[in-house]
Amino acid sequence: GVIGSNLAADLYAAGKDVTLLARGAWADILEERGLVIRSALSHRSRFYRIPVIRELGNEDIYDLIFVAVRYTQLDSVISALAKNQSENIVLIGNNLKTGECRRKLRGRHLLFAFSMAAGRRERDHVVSLSLRKMVIGRRKTGNINVKLIREIFSGTGIGVTCQPDMEDYLLCHAALVVPIAFACYACSGNLKKIRGSRVWLNRIIDANIEGYRAIENAGHRILPKSDRDFRSKKYRRRYYLFYQLMCASGLGKICASDHALGATEEMSALNEDLKRFFDAHRSNYPVYRKLERWAGNHINPKISMHSHNL
């Protein structure tokens with residue numbers, strides 16, 4: 001997808017020895033045409049002829065394996081990784097099961113990461129908006145092979161931030177993005193419908209704050225550090241202005257609604273696991289639940305659409 005394609009392209013352009021793993025029609029296209037990435041802003045395309053494999057053999061040893069798949073695809077990928085003998089693995093993307101992943105890949109140097117890129121995959125190319133930034137780190141314990149990370153990313157132009165507690169980071173990220181996904185579903189992907197609605201923009205922020213409060217009360221840190229003032233008026237004002245901009249411009253489509261509408265299974269799974277976390281710590285989250293109901297059948301087939309004003 002978008003994340004893996006951007007990362008592979010940036011590493012390959014910097015002269016790294018890169019191999020892409022792909023399957024089906026997408027693998028056919030990569031082998032026949034190469035990897036084509038079109039900028040969502042300039043519409044210019046980049047072309048890369050990167051080697052492609054269709055499966056990971058048990059004896060195929062790599063210096064590092066980056067895994068960039070949707071949350072709902074993790075289980076099937078991890079079963080293949082567990083049979084492979086490569087020592088260093090980085091799981092990129094939404095993940096509320098870091099502990100489970102670590103147990104299944106016991107004995108490996110396992111890191112988690114989040115890449116600042118968005119977009120969508122078309123039939124024969126990727127449309128992308130990439131900030132070329134990545135947060136990467138361990139769960140709670142373990143070592144980060146900083147030397148290896150620096151060596152791999154040197155010359156790529158990707159800004160890498162090492163984060164010592166990615167479990168907390170990924171929890172907070174889910175609490176931030178799931179309410180945005182609810183809003184995308186409620187307006188059928190057209191965020192311009194809510195750009196002038198104080199009620200809607202504040203509800204998204206309220207739901208996020210409910211999540212942050214639950215995470216903090218459960219003993220986790222709020223990450224990134226810039227969000228630790230989530231109870232303040234300054235925090236609300238900052239995100240209110242950001243959501244206004246996002247809903248009024250093409251930024252919302254590229255960074256939010258395209259992914260939300262194209263990955264309803266992933267957002268549903270994140271939602272269910274996030275609620276499970278809230279309930280396990282006896283948290284109260286009424287605004288979050290209201291937005292979930294308004295998201296209707298997109299987020300959960302058992303939830304019917306309620307009337308609301310957009």
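Author: Contact here means heavy atoms within 4.5 Å. The structure is a predicted model. By that criterion, and leaving aside neighbours within four places in sequence, Tyr243 is in contact with Leu176, Ile180, Leu201, Ile204 and Ile205.

Reader: Which residues touch the most other members of the largest nonpolar core?

Author: The general idea is that nonpolar side chains tend to be buried together in soluble globular proteins. In this structure, the largest nonpolar core has 66 residues, and Tyr243 is one of those that touch the most other members, together with Leu81, Leu91, Leu191, Tyr212, Leu274 and Tyr288. Helix 6 gives the most to this core, namely 17 residues. Another core, of 30 residues, lies apart from it and includes Val2, Val18, Ala22 and Ile37.

Reader: Turning to the strands, in which sense does strand 2 pair with strand 3, and in which with strand 8?

Author: For each pair, one reads the sense, the number of bridges and a partner. Strand 2 (residues 35-39) pairs with strand 3 (residues 45-48) in the antiparallel sense, over four bridges. Within that pairing, Val36 has Phe47 in strand 3 as its bridge partner. The hairpin of strand 2 and strand 3 has five residues between the strands, and His43 there takes a positive phi near 65°. With strand 8 (residues 126-137), strand 2 pairs in the parallel sense over three bridges. Ser39 has Ser128 in strand 8 as its bridge partner.

Reader: Is Arg106 buried or exposed, and why?

Author: The class follows from relative accessibility, with exposed meaning over 50%. Arg106 counts as exposed because its relative accessibility is 62%. The residue is placed in the loop between helix 4 (98-104) and strand 7 (109-121).

Reader: How far apart are Arg106 and Ala82 in sequence and in space?

Author: Both separations should be read together. Arg106 and Ala82 are 24 residues apart in sequence, and their C-alpha to C-alpha distance is 8.5 Å.

Terms used. Residues numbered from 1 in each chain as written. Predicted model: local features only at pLDDT ≥ 70, side-chain atom pairs only at ≥ 80, totals over all residues. Heavy atoms only, no water. Core = buried A, V, L, I, M, F, W, Y, C linked by side-chain atoms within 4.5 Å. Buried < 20%, exposed > 50% of the residue type's maximum accessible area, 1.4 Å probe, protein only. Helix = DSSP H or I, 4+ residues; strand = E, 2+ residues; numbered from the N terminus. Pairing = 2+ DSSP bridges.
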